[in-house]
Amino acid sequence: MNICFLMYPWEEIDPENDTSLALIHECVKRNHGVALCTPANLTIRNSVTNAFCTVIGRMEKVPGSLKSFYKKAEIREEMLPLAGFDVIFMRANPPLDPIMLNFLDSVKDDVFIVNSLQGLREANNKLYTAAFGDSHDNIIPVTHVSKNKNYLVKQIKESKSDKMILKPLNGFGGSGVILIEKSAMSNIKSLLDFYISSSDESSNYVILQEYIEGADQGDVRILILNGEPIGAMRRIPGSDDHRSNVSAGGSVAKHTLTKQEKALCKQIGPKLVKDGLYFVGIDVIGGKLVEVNVMSPGGITYMNKVYKTKIQSKIIDFVESKVMDKLQAFNKRSRLRNEVENA
Ligand SMILES: Nc1ncnc2c1ncn2[C@@H]1O[C@H](COP(=O)(O)OP(=O)(O)O)[C@@H](O)[C@H]1O
Ligand SMILES: [Mg+2]
């Protein structure tokens, strides 16, 4: 099969820890055709959606380690029509580019897209957790999302707990996630001014959230494929930070899913599949869902290291089976059409 990764440029890949590279490597090892492009590479040529792609040359012997694969891979640039691929694997970093989705709308019926465009539209920011309809605060922490500073200040003042979390609606990698304390109220108005009065109109909502006790011990990243957990790890914050993101200095360790975490996955899995969110990474603290990462979930390479596994092979197995289903459905329809045509 031929697979196009819509992501960040090849040159920006971190060859040691990049989840997208692990997926690409697995595809090349299976002798699939692989190309990469970025949202900025999309181009409509004579009314057909194309992309300036970085094509990875087929290799006779594919190096086993990601680092030497990255070094030895031969790449070339080529303009290719997106509907000619069997799969588009969406791996661009947030924020979601709505124009990119408009380009892809024209190919969505021809190509299997992970995650689906509809799913990405629905779940591209932290509001998605609220869509699980958790009115009893069982699966998500108590959350407020608003641009109304007076409302937010009131919530902080009335909160029973001294600590709360403040974060931008569209952040990622831990950026802008701060721990606030009622005892330092004098800073809070200024912080809210800073978060809410940013120049980018669409992204200046803030999330004010219950601080989940135990977060200082780290959070749990669970990778979910087609509604089922396929890997988990604990991320432990560095000694001088409250955030567990590896990009913010956290470290990783093995984690076996607790009963509560398994129940959480069972509860959210069917909706993820229904929304076309086939491959996501969820962040869980104290059994509560903090975030569903749908755009470019990471963690495979760290999980592979601590567990000595190859999680990417399950993901590519799944993608292959989806392509096979599509092909079989197409062949069946052609057969039936022929039958009618020749009657
Ligand atoms: N409600 C919360 N309670 C305690 N810690 C939190 C909370 N929300 C976020 N954090 C900490 O900040 C990190 C980043 O927050 P998250 O909402 O996952 O945003 P990002 O998209 O930047 O990863 C979490 O992994 C966790 O360590
Ligand atoms: Mg996160």
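In this predicted model, strand β8 and strand β11, the latter formed by residues 206-210, run antiparallel to each other and are joined by 4 bridges. One of the residue pairs can be named: S146 has V206 of β11 as its bridge partner. Strands of a sheet pair through backbone hydrogen bonds, either parallel or antiparallel.

The two strands belong to an open sheet of 4 strands, in which the order is β8-β11-β9-β10 and the pairing is antiparallel. The edges are taken by β8 (143-146) and β10 (178-181); each has a single partner strand, so one side of each has no neighbour in the sheet. On average, and with direction ignored, neighbouring strands of this sheet are turned by 25 degrees against each other.

Helices accompany the sheet. Helix α5, residues 149-158, packs on the sheet and touches β8, β9 (163-168), β10 and β11. The direction of α5 makes about 160 degrees with that of β8. Helix α6, residues 185-196, lies across β8, β9, β10 and β11 as well, and runs at about 145 degrees to β10.

The domain assignment of the protein chain gives domain 1 as 2-114, domain 2 as 142-210 and domain 3 as 216-310. The centres of domain 1 and domain 3, taken over C-alpha atoms, are separated by 24 Å. Their contact draws 21 residues from domain 1 and 12 residues from domain 3.

The size of an interface is often given as the accessible area lost when the parts come together. Between domain 1 and domain 3 the buried area is about 1,200 Å², and carbon and sulfur atoms give 59% of this area. On the domain 1 side, the residues that lose the most area to domain 3 are N17, T19 and R91, which together account for 39% of what that side buries.

Two packed helices are described by the angle between their axes and the distance between the axes. For helix α8 (residues 300-307) and helix α9 (residues 311-341), the axes come within 8 Å and cross at roughly 125 degrees. The helices α8 and α9 are therefore oblique to each other. On the α8 side the contact is made by I300, M303 and N304, and on the α9 side by I311, Q312 and I315. Of the residues in this contact, 4 are nonpolar, 2 are polar and none is charged.

P94 and P95 are joined by a cis peptide bond with omega of about 0 degrees. P95 sits in the loop between β6 (87-90) and α3 (98-105). Another cis peptide bond leads from V114 to N115, with omega near -15 degrees. Here the loop is the one between β7 (112-114) and α4 (117-123), where N115 lies.

Positive phi values complete the account. N31 is not a glycine, yet its phi is positive, at about 65 degrees. The loop that holds N31 runs between α1 (19-29) and β2 (33-37). S47, also not a glycine, has a positive phi of about 70 degrees, and its place is in the loop between β3 (42-45) and β4 (48-56).

Terms used:
Residues numbered from 1 in each chain as written. Chains lettered and ligands numbered in written order. Predicted model: local features only at pLDDT ≥ 70, side-chain atom pairs only at ≥ 80, totals over all residues. Heavy atoms only, no water. Axes fitted to C-alpha atoms, helices over the stretch in contact; angles between N-to-C directions. Parallel < 35°, antiparallel > 145°, perpendicular 65-115°, else oblique. Contact = heavy atoms within 4.5 Å. Nonpolar A, V, L, I, M, F, W, Y, C, P; charged D, E, K, R; others polar. Pairing = 2+ DSSP bridges. Domains from an automatic or database assignment. Buried area = accessible area lost by both parts, 1.4 Å probe.
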